[in-house]
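Let's take a walk through this structure together. Have a look at the picture below, and then read on.

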Amino acid sequence: MIGLNFDLNFENEARKADSCSLCGNHRRQYELPSLFCSGSCGTRNIRRNAIYYTDRMKQNQWCEPCYGELKDDTPLQLDNGKVTKKAHLQQMKNDKSPEEKWVQCDNCQDWIHQVCALYNGAQNYKSASFTCPKCHIKSEASNTPIPGPKGAADLPHCKLSESIEKGIANALSKAYEKIAQERNWKIAAVEKVENLYVRVVSSLNKKQKVRDGVSSIVVETVV
Ligand SMILES: [Zn+2]
Ligand SMILES: [Zn+2]
Ligand SMILES: [Zn+2]
């Protein structure tokens, strides 16, 4: 009996972890990222399945021939401003497709893709609780509702989201004015979009070294 229970539970857990309870999909895999060599070969894209070397923070990469050329005592400048050396680089293979991470609901134990739940795993990696949207909907009908999920407006802004949101608001207010003029209405009578928020849930700051030949051409055109 104990064995049977164990098997059932195990199968259940495996099924839950297999598909997202919001989108119903299984593993969400992304394209292999482009990895550029920081060595002397000239920022060549590191091929799929090729061996390369990277620092602990995975800031920079070196292809095999360039790694071979590195001197043991030469400081290696990383894109994040830190410095490392050859002995601290680790060998990797360019064969891993990044996969969307999961978050488990503390209430129903279902597994959900972090992107589907708008859950920021990088920010909440220590001790965050998470209740899925389905449990929130159920709890609304109960006597002890779970405090509501955060809306889009509660998510933090960044420069990109502020700029997009502002741009959309400007474009919309011009469109409202145009409609009001065309129809000879007061602006208050024009139907408006409400609760429109723009947030960036994933962004990456990365410095990319430009080859000397290219930078001398580009510098003059950069404002
Ligand atoms: Zn999903
Ligand atoms: Zn190289
Ligand atoms: Zn749940």
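How many of the 223 residues of the chain count as buried? The share is 10%, where buried means that 20 or more other C-beta atoms, placed from the backbone, lie within 10 Å of a residue's own. Keep in mind that this is a predicted model, in which local features need pLDDT of at least 70 and side-chain atom pairs count only at pLDDT 80 or more, while totals for chains, interfaces and linings use all residues. Residues are numbered from 1 along each chain as its sequence is written, and chains are lettered from A and ligands numbered from 1 in the order in which they are written.

Now for the overall plan. The chain holds five helices and seven strands; these are DSSP runs numbered from the N terminus, with helices being H or I of at least four residues and strands E of at least two. Along the sequence they follow the pattern α-β-β-α-β-β-β-β-β-α-α-α.

Next, the sheet. Three strands make an open, antiparallel sheet in the order β2-β1-β5, and two strands count as paired if DSSP finds at least two bridges between them. At its edges are β2 (61-63) and β5 (90-93), each pairing on one side only. Strand β1 (residues 51-54) pairs with β5 over four bridges, and tyrosine 53 stands opposite glutamine 91 in β5.

Finally, look at helix α4, which has 25 residues, 159-183. None of these 25 residues is buried, so α4 lies largely in the open.

Definitions and conventions: Expected span 1.5 Å × (residues − 1). Buried ≥ 20, exposed ≤ 12 C-beta atoms within 10 Å, placed from the backbone.
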